[in-house]
Amino acid sequence: MSARIWPVLAIFALWQAVCAAALVPAFVLPPPLRVFETLWQERGLIGQHALTTLAETGAGLALGIGLGITLALAMSLAPRLQRLIGPVLAGAQALPVFVLAPVLVLWLGYGLGPKVAMVALLVVFPVASGLHDGLCATPAPVLDLARIARASRLRTLLWLRLPHALPQGAAGLRIAVTYAPTGAVIGEWVGASQGLGYLMLMANARMRIDLMFAALLVILALTLLLNRLTDRALARAGL
Amino acid sequence: MTVAITGQVWLGDRPLLRQLDLQLRPGWTCLLGASGAGKSTLLRLLAGLPVAARLEGARQAPDRIGWMAQADLLQPRLSVLGNLRLMARLRGEPLPRPRAEALLEAVGLAGRGTDRPEALSGGERQRLALARVLADDAALVALDEPFSALDAPTRAAMQDLAAACLAGKTVVMVTHDPTEALRLGDRVLLLQDALLHELPPLPGPRPVPLADPGLAQAAAGLLARMRRP
C-alpha cells in the first residue's frame, strides 16, 4: 500500500507544480489542492450524485453478469443456440455500445433505466465470451471422464466444464467491472438529472472546472474500489 | 461379459492395426508397444473414447468401464472425497460416505478426505485416481500408461496396489515398460508392425516379484525384441 501511494503522490505533486508555474490557466486545469478543497466543500452534493452512479453501476453489473453467465451456460448446453447467439455477441462488440446511449435514453427515458442498460450491455460481452471460451477449453483428457461416465451435457457442464472455465470467466468479470462505471457515466451524459456524469456536465456548463475534476476523481475512486472488491472476492474464491 | 474387438484400424489411408482379433479374458492383459504403435488408440477404441483413427470392424464391450489415464485427472477445486465421488456424480449415482471412506482406506488415503489434490504427492494422487476407478465398480477397467510418470519405487508400489485392488476384474493396460507388462500381465500382447503378437507370460502368481530373476531376463528379451529395427 505504502509503496503504491508514492507514484500517486508524485502525479499530484507534478500536477500542482504545473499549476503553480501557471503553465496552464486554472479554468483548463485547476490545481489539485483546489480540487480537493472543492471535493470537501461539496461533499454532500458529490456524495448524493455518486450514490446514484453507484446504484446504476451496481444494478447494471448484476444484470449484465447474470445475463452473461446465463448466455455462456446456455450456449455451452445448446450448440445450436451458440450458432445463433455467438455471431450476435461478436457483432455487439464490433458496435461501440456508447453509440447506443441516445437510443437507450429514447427507449427507456431519463431515469435509471438507460444507465443500467448501458452498464449491462458493456458488461455482458466480456463475461459471456470469457466464460464461454473457458467452457469450450476443457482439456480433452478431462472430457474423457464424462464420456466414460456417459454423463449428460448438464452434468458434464456442472462438474467438469464449469470448474475449468472459472479462471477465464473471472478474467472476463475483471474487465467487465472496469468498464461498468464508465457505462453509467456515459449514460448520464446523454440524459440525466442525477449522477456524477450529470454533475460533470453541469459543472462544465457553469465553468466550475474544479467541481468537474472533483467528480472525475470520485469516478476514478469508484472504479478502483470496485476493482479492488472484485479482486478480493475472486481471490477468496481461489481465482 | 464379452470384451472383444475385431477388424482393422485405419489412420487416414494407413493401416494402424491389421487382422485385429482381440478377446479379453478376466485378469490383466497388458498392451505393449513403442510410441505411436497404436496401443493407446486400441485402448480408447475398446473404451469407446474418440480417436483420430477409424475402426473397420466390430467392438463388443460393457457399458460400464473404469478408466485411468497417465494424467491423474484430479479436479483441483474438489477435495479428495469430491474427486473420489466425481465419476459417481457424472453418472448421477450416489457414492455413500462409508463406501467412500473404505475406498480411501483401501488405497492408503484414510483420513485424507478433506485435503485438496495439491496437498497430495504424485503417488498419492495416482492412489486417489485408482480409488476413483474402484468406486466405479466396473467389470472392465482400461488403464492408459497409469504409472509411467511415477518414480521407480512409487511405480512398483502402485503396481502391487493396483494388482491387489483390481483382482477378479478384466483389466487392459497400455504400457511401454516391458517389466511392468510382465509383472502384471496374465497376458502380454506386443503391438508391432500393425499386428498384435501374443507373448508367453511368466509363470507364477501376479504381480511377479521384482526380485524374480526370470522377470529381469524376460524383460531384457522383450526390450530387445521391441528395439528390433
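How much area is buried between chain B and chain A, and what share of that area do carbon and sulfur atoms give? The area buried between the two chains is about 1800 Å², and 65% of it comes from carbon and sulfur atoms. Please keep in mind that this is a predicted model.

## The interface between the chains

Let us stay with the interface for a moment. On one side, 18 residues of chain B take part, and they are in contact with 21 residues of chain A. The rule finds two salt bridges across this interface.

Helix α7 of chain A (residues 140-148) packs with helix α2 of chain B (residues 80-91) at an angle of about 55°, and their axes are 8 Å apart. From α7(A) come L145(A), A146(A) and I148(A), while α2(B) supplies L86(B), M87(B), L90(B) and R91(B). Sorted by type, the residues of this contact comprise six nonpolar, no polar and one charged.

## Chain A as a whole

Chain A has ten helices and zero strands. Read from the N terminus, its elements run α-α-α-α-α-α-α-α-α-α. Taken along the principal axes, the box filled by the C-alpha atoms of chain A is roughly 75 × 45 × 30 Å.

## A helix pair in chain A

Two helices of chain A to look at are α9 (residues 196-205) and α10 (residues 209-236), whose axes come within 8 Å and cross at roughly 160°. Because that angle is over 145 degrees, α9(A) and α10(A) are roughly antiparallel to each other. Their crossing is left-handed.

Which residues of α9(A) and α10(A) meet? On the α9(A) side you will find L196(A), L199(A), M200(A), A203(A) and N204(A). Their partners in α10(A) are I209(A), L211(A), M212(A), A215(A), L216(A), V218(A) and I219(A). The residues of this contact divide into eleven nonpolar, one polar and no charged.

## A salt bridge within chain A

Over all chains, the structure holds 19 salt bridges. One of them joins R34(A) and D210(A), with the closest N and O atoms 3.0 Å apart. R34(A) lies in helix α2 of chain A (residues 32-41) and D210(A) in helix α10 of chain A, so this pair ties together parts that are 176 residues apart in sequence.

## A helix pair in chain B

How do α4(B) and α5(B) lie relative to each other, roughly parallel or roughly antiparallel? The axes of α4(B) (residues 122-136) and α5(B) (residues 152-165) come within 11 Å and cross at roughly 15°. Since angles under 35 degrees count as roughly parallel, α4(B) and α5(B) are therefore roughly parallel to each other. The crossing in which α4(B) passes α5(B) is right-handed.

In this pair, α4(B) brings G123(B), Q126(B), R127(B), L130(B) and L134(B) to the contact. They meet T154(B), M158(B), L161(B), A162(B) and C165(B) of α5(B). By type, the residues of this contact are six nonpolar, three polar and one charged.

Note on methods. Residues are numbered from 1 along each chain as its sequence is written. Chains are lettered from A and ligands numbered from 1 in the order in which they are written. This is a predicted model: local features need pLDDT of at least 70, side-chain atom pairs count only at pLDDT 80 or more; totals for chains, interfaces and linings use all residues. Side-chain values use heavy atoms; hydrogens and water are left out. Axes are lines fitted to C-alpha atoms, for helices over the stretch in contact, and angles run from 0 to 180 degrees between N-to-C directions. Helices (H or I, at least four residues) and strands (E, at least two) are DSSP runs, numbered from the N terminus. Angles under 35 degrees count as roughly parallel, over 145 as roughly antiparallel, 65 to 115 as roughly perpendicular and the rest as oblique. A crossing is left-handed if the near helix is turned anticlockwise from the far one by less than a right angle, and right-handed if clockwise. Contact means heavy atoms within 4.5 Å. Ala, Val, Leu, Ile, Met, Phe, Trp, Tyr, Cys and Pro count as nonpolar, Asp, Glu, Lys and Arg as charged, and the others, Gly among them, as polar. Buried area is the accessible area (1.4 Å probe) that two parts lose on being put together, summed over both. A salt bridge is a side-chain nitrogen of Lys or Arg within 4 Å of a carboxyl oxygen of Asp or Glu.
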